[in-house]
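Here is a friendly walk through one protein model. Please have the sequence and the 3D view open as you read.

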Amino acid sequence: MDDAQSARPADEVRELRDLLGWLRQRLRGEYTVRASVLTVEPLGSDGHLLLLGEADPGGGGEPPRLKVWLAAADFAAFRDAIGEALDPAALVNRRIVVRLQTSLRQRYGRGAGVQARVTAVISVDAVSIDGEIERERTLQRLRREGRRFGPGTWVEQEDPRHVVLIAAEFGDARRDVEHVLRPLEENGLIQLHRIWATFEGPSAERSLSEAFARAGELHREHGLSATLVCRGGGPVEGFQALNAYATVRAATRVPNLVAGLGHAGTPLTALDAVASRSEPTPTAAAMLVRRLVEATGVRADRALAAFDATLAEDLEAAGRIALAEALQGFAASLGDLAELADRRLRQLNRGVERSLLTGLAAAAGMATGATAEIEPSAPPVEVLGFGDGDDDEDPPWEPGWALVTAADTGLVIERYRELKSHMPLFLHFRDGTIFVRVVPTFVTYN
């Protein structure tokens, strides 16, 4: 086989099964392999012998195995490159990505074989396979029980009020969360219920289960808007209680569970999987609650602005209606006043006309020699005109007056209620005019 055609880049990551198949054709070379560490055997001062298996075992056949040599001289360089205290014994049940150098090795009585040496450790999974198996086992058990969990259980809160914090009493997680939420608590926007729990050690599962049970009681009492479960960073082994079935099952019973566990590089736990919201840090979990409260304030401001706009629009419409009604009433009042004024003017014109006619008639009577003078205080008397001696030519006499006017203003008096005590009047008869004054008369009945 042509080496140019068979060569593949050394940094191409292969699964262990693919590598063994490739080695049947080309023994010597350098390869990057993803595998799991099954055992670690110390070789004294020479280093360690690692037995590699498939990273994701599957199938019913015999799984592939490969022993590789981890030289002691190279171990310190690998530790510095990864940036953590790498212990070969701690590699058991972890996935790793390593670069291997393979070559042909002669074995006495057994023929030629393959030997491999670790030339670089590229990455090591933080979680052991045992931890991942426990997490998946817990989630599968919850699914078989028909429990709802995950982002689908999140219920958006219109007015976040009561919030539970499950954290260690002394630690960075409590400090980070309270730093974000204390201003909201001091202003009365939220009420933070604190539940202290233990996250590591033999009693961690029982402590966390009791904490979630207490959160359920608070939910039945107040109606919780969110439940925060937060802890700071630490070794991967410190998160084992968050994969335990008892802990995670209790967590599924609280509403709107928000997980803020470890830091950005902390592996996901089963509690992260069942939480309604999973944030990378405790601070991020607290910021989620803060954004919910701020969103409520924004919605309240928008509602008030819409209410003010609607109220202003309604008041403006009502004002326009009231103004139109007022203008209509004012116009009607002006029409009534104009009609009344016109009626009064017509009445005055008739009175003046009659007064003038009566004056002209009186002047004509005086010109014919018929005069009559009556004292103002004298009672009314009948006045007859004098002609030229011929009774047949005397003007006919008709009883009653034709017009009553006020002597001082000239207004025509039409109704009794228009009279006032001691009011001077002119009584215009068809054959003459006299001056009188209104004198009140009191009548007593015995």
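## About the model

This is a predicted model, in which local features need pLDDT of at least 70, side-chain atom pairs count only at pLDDT 80 or more, and totals for chains, interfaces and linings use all residues. Residues are numbered from 1 along each chain as its sequence is written, and side-chain values use heavy atoms, with hydrogens and water left out.

## The whole protein

The protein has 9 helices and 14 strands, taken as DSSP runs numbered from the N terminus (helices: H or I, at least four residues; strands: E, at least two). Of its 446 residues, 33% are buried, meaning under 20% relative accessible area; exposed means over 50%, and partly exposed lies in between (1.4 Å probe, protein chains only).

## A residue on helix H9

Phe-330 sits in helix H9, which covers residues 282-367. Why does Phe-330 count as exposed? Because its relative accessibility is 52%.

## A loop between two strands

Thr-409 belongs to the loop that links strand E12 (401-406) with strand E13 (424-429). Thr-409 is exposed, at 52% relative accessible area. Its C-alpha atom is 9.7 Å from that of Pro-424, 15 residues away along the chain.
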